[in-house]
Amino acid sequence: RPLDINIELPDEQSAQKLKIGIYFATWWALNVVFNIYNKKVLNAFPYPWLTSTLSLACGSLMMLVSWASRIAEAPKTDLDFWKTLFPVAVAHTIGHVAATVSMSKVAVSFTHIIKSGEPAFSVLVSRFFLGETFPLPVYLSLLPIIGGCALAAVTELNFNMIGFMGAMISNLAFVFRNIFSKKGMKGKSVSGMNYYACLSMMSLLILTPFAIAVEGPKMWAAGWENAVSRIGPNFVWWVVAQSVFYHLYNQVSYMSLDQISPLTFSIGNTMKRISVIVASIIIFHTPVQPVNALGAAIAILGTFLYSQVNIQSLVV
Ligand code: 3PG
């Protein structure tokens, strides 16, 4: 008698949800590892312009090798593609270097608490630069996000203005990057993975001269020697880990951006920060005052509210 097994294939929608769920989980896990190694490197070697450049260089190299060895298929691009990519790459470069400069000055958790305000920037940019309007509840949901971030910032024990401004600039730049990226990917045959690879390469070209101008080989050589003498040869592996994980988490995040709206992306990104904040506080023994934690919790709760309100307004 044939086996009477009734296999129910999941419908397309739940398969899509599962796929995005897997992307999100992978993205968050890779990001936690990146943040830990990134901070370890910055603690020993405080040259964020070089470490930002190395992350982009490593990702670019990984993708060039993947294309050459046909592990991944190289995208077919034209001049128009690279022209449209340019503003995205400028925004990516600014957002990346600003976040790294921020993390070189303050605790990882503090940078990410401020960066959890990204949805507020998303609404403000959409309102003032793109002329989009939102229902009142969306604006109201920004109050706890902004208030919570502000409370966490003023009660931060190791507050530093460059650290704070770096995270704020990164928020603004990444909102533009996400909106322009989504537009650039729409209707194009380039996949999220290859889109991010091209973005890395263009950002690398933009960032390199600035990194040389701001820090430069002399500082790097002295700093490197110092770091290796204090940490030992393992320091090189920390740099490799931060660079490889930087590329991997961004690649996966772009694979999900390919499937979701910039808004959902911003929300997923804020949720990701909860795991980064918790993991980094534990690993780096970051001192946290109760009122400081309260600010972070309010900001993150605000993002939950914001996502709920947005879903409601999309449904209506
Ligand atoms: C960077 O260096 O680009 C930032 O650490 C990344 O910030 P993100 O968490 O918004 O990706």
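User: Is the crossing of α2 and α8 left-handed or right-handed?
Analyst: Helices here are DSSP runs (H or I, at least four residues; strands are E, at least two), numbered from the N terminus. A crossing is left-handed if the near helix is turned anticlockwise from the far one by less than a right angle, and right-handed if clockwise. For α2 and α8, the crossing is left-handed.

User: Before we go on, what does the protein average for pLDDT?
Analyst: This is a predicted model, where local features need pLDDT of at least 70 and side-chain atom pairs count only at 80 or more, while totals for chains, interfaces and linings use all residues. Residues are numbered from 1 along each chain as its sequence is written. pLDDT is the predictor's confidence in each residue, from 0 to 100. Here 94% of the residues score at least 70, and the average is 89.

User: How are α2 and α8 placed relative to each other?
Analyst: Axes are lines fitted to C-alpha atoms, for helices over the stretch in contact, and angles run from 0 to 180 degrees between N-to-C directions. α2 and α8 (residues 192-214) pack at about 150 degrees, with axes 8 Å apart. Under 35 degrees counts as roughly parallel, over 145 as roughly antiparallel, 65 to 115 as roughly perpendicular and the rest as oblique. So α2 and α8 are roughly antiparallel.

User: How many charged residues does the contact of α2 with α8 have?
Analyst: Two residues are in contact if their C-beta atoms, placed from the backbone, lie within 7 Å. Those meeting here include Trp 49 and Leu 56 in α2, and Leu 204 and Phe 210 in α8. Ala, Val, Leu, Ile, Met, Phe, Trp, Tyr, Cys and Pro count as nonpolar, Asp, Glu, Lys and Arg as charged, and the others, Gly among them, as polar. The contact has 12 nonpolar and seven polar residues, and the number of charged ones is none.

User: Are α5 and α6 roughly parallel or oblique to each other?
Analyst: α5 (residues 118-128) and α6 (residues 136-154) pack at about 140 degrees, with axes 9 Å apart. Their crossing is left-handed. By that angle, α5 and α6 are therefore oblique.

User: Which helix gives the largest share of the shell around the ligand?
Analyst: A residue is near a molecule or strand if its C-beta atom, placed from the backbone, lies within 6 Å of it. Gly 95, His 96, Ala 99, Thr 100, Lys 115, Phe 174 and Asn 269 surround the ligand. That shell has two nonpolar, four polar and one charged residues. Four residues of the shell, its largest share, come from residues 79-105, helix α3.
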